[in-house]
Amino acid sequence: MTAAVTVLEGGPHLTVQDLGRPGYLAFGLSRGGAVDRLALYEGAALLGQSAGLAAIEMAGRGGVFETGADLTIALTGPPMAARLDGAPLRWNASHLWPGGTRLAIGAAVAGGYGYLHVAGGIQTPEWLGSRSVHLAAGIGRSLDAGDSLPVRPGATPIGHGWRLDVAQRVDGGAIRVVPSLQTEDFTPAERDRFADTRFRRDMRGNRMGQRLLPDGTGFASDAGLSVLSEITVPGDIQIAGDGMPYVLLAECQTTGGYPRIGTILPADLPRVAQAGFSAELRFQFVDPDTALGIERAYRADLERLGAGRKRLVTRAEDVPDLLSYNLISGVTAGDPPEGAET
Amino acid sequence: MSPAGRKHGRPGWPVIRAVGIDGFLVSFDDRLSDAANRAALACRAALDAARLPGVEETSTSLASAYVRFDPTETEPDALRGALAAFVGGRDWYRAPLPAGRRLWRIPTVFGGDRGPQLGEAAALAGISEDAAVASIAGTRLRVETIGFAPGQPYLGHLPPCWDIPRQTDLTPRVPVGALTVAIRQLVLFTVSSPTGWRHIGQTAFRAFRPEAERPFVLSPGDEVIFEPVAGAEFQRLETSGADGGATSEDLP
């Protein structure tokens, strides 16, 4: 049996994304996948399923969706205003989405990428082992009103009505970087100035990369613009011709000729891509051993996210929302789903 | 690194550097040369065959080979050591190009509406339009790398007169199959894109075919000859399929 999620309102800011398509750099194709990979893991933890399943990525704002079958969903990334037939839904939580009801997701309060996960994952066709739309490469396309996405109906083994306390990612803060191929082409003084500078996220950004605005002047290197085009990876901070940093994201080009002053650790990249426009970011160089420790701890944390899953209505501060959960998620109806963890 | 690895490169090369937390880059030069490109292609092919423990993916750019590894499974220092021993054990600048390469002949219409910047590019090269077409058609080019867009080849080297800069302003959009030139190289576009390279001709060849069994048609190391055709013949080729009249044969 199949079911579908239909897009009633939405546009080019909506794409289907999973963890991407590694292994094709030699053919000029970057991995792609969700801009905020952590959010995919969080959605998977809320639904008790694999992080490799596809979700709908919503850049800046959501849309209006409808389903004909009962589905279990999770909402992750920076909070967006979500309502189910008018009743507010808590973000970073899982819910029952009854067939025939409308799910309306508004703008991200702080900007950034939100995710709508469905139990079982969005079932659009795979290409080279992934369902990720890669806009820059022309693989697949963004969603339009009227599109129907195949899904598998039914609950997850852990049911709905869970929440997750997630790592903040809209408030900026210290972003850890390792040196990149051209870091040495920047003078020590310029590197120090880079580390002392505060940055904000520019309005200009997409799935390929995010421009940042320093609180001072731009940056220059001895390499100038004569760097031989070389491999680029997500997290690279390239200094464009105007001296402004541009952070490469999921759909970055596979090679680039701009000098790069550093590479952001994967653990900290979501806090750059998802930073609120007024949040302050600063960069902190770490040595390779420190970076390795951070990465290993981060990956271990990703695998353990499910352990932090909590029931939606167990804390006093949740009580004001109780009415909506009673109506729509059934958590308080005394019927915890089979296999539910506590 | 043992001296063997740098015997025929410039002094100080090759070098191995970290790329982020999960990659290493073996660079054979910091400027493009035929020898450095050959070294990168040969080294990457040998790395693929050697299957060094922990390596998950390899690729090349113009003068370097890249390896990506899983840093949770692999000690970076150990892999770096293994890589240094591997690279130092051979003179890559003298290594033969990898096996399995192909020679492509791709029909191309030069100049006119289909190559509006041929005259400008020829003038920068200091030759006539006819001489420019003869020069390009008479050069057997190598796919030096694939990058920027999926399946998109950078082909070189053209004769020295073609060492012309990219244009300062971008051309807003060239079509799929556009043949463009700068810095002794040609790029054959696989997606419609803005570019600083000059658009001198058009092919009906699609080097990226997401719908096909083999989506990436060209491989680094393949060779290409762009064969001039007249506009009328080109119109026929445009509707002949994704090859656009191109033919290929295995290289020995």
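1. Start with residues 1–6 of chain B. Their pLDDT (the predictor's confidence in each residue, from 0 to 100) stays under 50. The model has 17 contacts for them beyond four places in sequence. Two residues are in contact if their C-beta atoms, placed from the backbone, lie within 7 Å. Where pLDDT is low, the predicted coordinates should not be read in detail.

2. This is a predicted model: local features need pLDDT of at least 70, side-chain atom pairs count only at pLDDT 80 or more, and totals for chains, interfaces and linings use all residues. Residues are numbered from 1 along each chain as its sequence is written, while chains are lettered from A and ligands numbered from 1 in the order in which they are written.

3. Now the scores. Chain B has a mean pLDDT of 93. In chain B, 97% of residues reach 70 or more. The model has an ipTM of 0.90 and a pTM of 0.90.

4. Next, how the chains meet. Chain B puts 33 residues in contact with 30 residues of chain A. Four strands of chain B each give two or more residues to this side: S1 (15–19), S2 (23–27), S3 (55–61) and S4 (64–69). S3(B) gives the largest share, five residues. By class, this side of chain B has 18 nonpolar, eleven polar and four charged residues. Ala, Val, Leu, Ile, Met, Phe, Trp, Tyr, Cys and Pro count as nonpolar; Asp, Glu, Lys and Arg count as charged; the others, Gly among them, count as polar.

5. Chain A has five helices and 22 strands. These are DSSP runs, numbered from the N terminus: helices are H or I, at least four residues, and strands are E, at least two. Of contacts in chain A between residues at least 6 apart in sequence, 77% join residues at least 24 apart.

6. Chain A is divided into domain 1 (3–166 + 312–333) and domain 2 (172–301). The bounds come from an automatic or database domain assignment. The C-alpha centres of the two domains of chain A lie 28 Å apart. Their contact takes 21 residues from domain 1 and 13 residues from domain 2. The domain 1 side divides into ten nonpolar, nine polar and two charged residues.

7. Chain A has 342 residues, and 51% of them are buried. Buried means 20 or more other C-beta atoms within 10 Å of a residue's own; exposed means 12 or fewer, and partly exposed is in between, with C-beta atoms placed from the backbone. In helix H1 (residues 37–47) of chain A, eleven of eleven residues are buried. They include A:Arg37 and A:Glu42. A:Gly48 follows H1(A), with a positive phi near 65 degrees.
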